[in-house]
Amino acid sequence: LTKVVTLTIEPKKMEFSWDNQEYNYNGSYIVPVFGSINGIENEKINLVSLNGATDVGEYSTDVVCLSVENGRGECSNYELLNNSGNFKINKVKPQINVKAFNKTYNALYDSVVSSYTFVGGDANVESEIKYYYDKSCSNIAKVEPVDVGKYYFRIETKANKNFKANSSECL
């Protein structure tokens, strides 16, 4: 007489600790990084987030097993518990890079700022150039620089969905 017995091996349940994930906006697609957790018998379970985002905001994602190093090397041998959570992308102040130049009087207003760029990936930062008579940028010029003289300026940005308001140093 032969008796058939079925053996079922269940996946090892692994607790997953979800730390608050916060990132600063950088213009790139951000995918939360979780690294790895230790399995059994020196197995290392490499984790990956299923979702990411680009813009400032709060998002949810799930974390899954990407691969298992050492041992049997099978993600199906493990079940991650508490694998859903949130991450946040924070607003930042845009970094303002400014290049100025000198000009010769020509009775016309030409910007004394030859170029300025915002570092951080968003080309739609609204900005304004303000001119001053003093190097502390406290005495605002009543008109844009046309006449001979020394002028100082500051570039100010307005806040938008990804950036906080910011201003350059007085130049």
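A residue is called buried under 20% relative accessible area, exposed over 50% and partly exposed in between, with a 1.4 Å probe and protein chains only. By that rule, 31% of the 171 residues of the protein chain count as buried.

The model is predicted: local features need pLDDT of at least 70, side-chain atom pairs count only at pLDDT 80 or more, and totals for chains, interfaces and linings use all residues. Residues are numbered from 1 along each chain as its sequence is written, and side-chain values use heavy atoms, with hydrogens and water left out.

**Exercise 1. Secondary structure**

Task: State how many helices and strands there are in the protein chain.

Solution. Helices (H or I, at least four residues) and strands (E, at least two) are DSSP runs, numbered from the N terminus. On this basis the protein chain has 0 helices and 12 strands. The order of elements from the N terminus is therefore written β-β-β-β-β-β-β-β-β-β-β-β.

**Exercise 2. Disulfides**

Task: Determine which cysteines are joined by a disulfide, and the handedness of the bond between Cys65 and Cys75 and of that between Cys137 and Cys170.

Solution. Step one is the criterion: a disulfide is a pair of cysteine sulfur atoms within 2.5 Å. The count by this rule is 2 disulfides.

Step two takes Cys65, which is joined to Cys75 with an S to S distance of 2.1 Å. Cys65 belongs to strand β5 (residues 57-69) and Cys75 to the loop between β5 and β6 (78-81), so the pair links distant parts of the chain, 10 residues apart. The S-S torsion of Cys65 and Cys75 is about -70°, so this disulfide is left-handed. Cys75 has a relative accessible area of 25% and is partly exposed.

Step three takes Cys137, joined to Cys170 with S to S 1.9 Å. Cys137 is in the loop between β10 (127-132) and β11 (152-157), whereas Cys170 is in the segment after β12 (166-167), so the pair ties together parts 33 residues apart in sequence. With a torsion of about 80° about the S-S bond, the disulfide of Cys137 and Cys170 is right-handed. Both Cys137 and Cys170 are buried.

Step four numbers the bonded cysteines in sequence order, which gives the pairing 1-2, 3-4.

**Exercise 3. The surroundings of Tyr25**

Task: Locate Tyr25 and classify its ring pair with Phe163.

Solution. Tyr25 is in the loop between β2 (21-24) and β3 (36-38). Its relative accessibility is 7%, so Tyr25 counts as buried. Tyr25 and Asp55 are separated by 30 residues in sequence and by 6.8 Å in space, C-alpha to C-alpha.

Rings of Phe, Tyr and Trp (its six-membered ring) pair if their centres lie within 6.5 Å; planes under 30 degrees apart count as stacked, over 60 as edge-to-face and the rest as tilted. The structure holds 3 aromatic pairs. In one of them, the ring centres of Tyr25 and Phe163 are 5.3 Å apart and the planes stand at 85°, so the pair is edge-to-face. Phe163 lies in the loop between β11 and β12 and Tyr25 in that between β2 and β3, so the pair ties together parts 138 residues apart in sequence. Phe163 is buried, at 1% relative accessible area.
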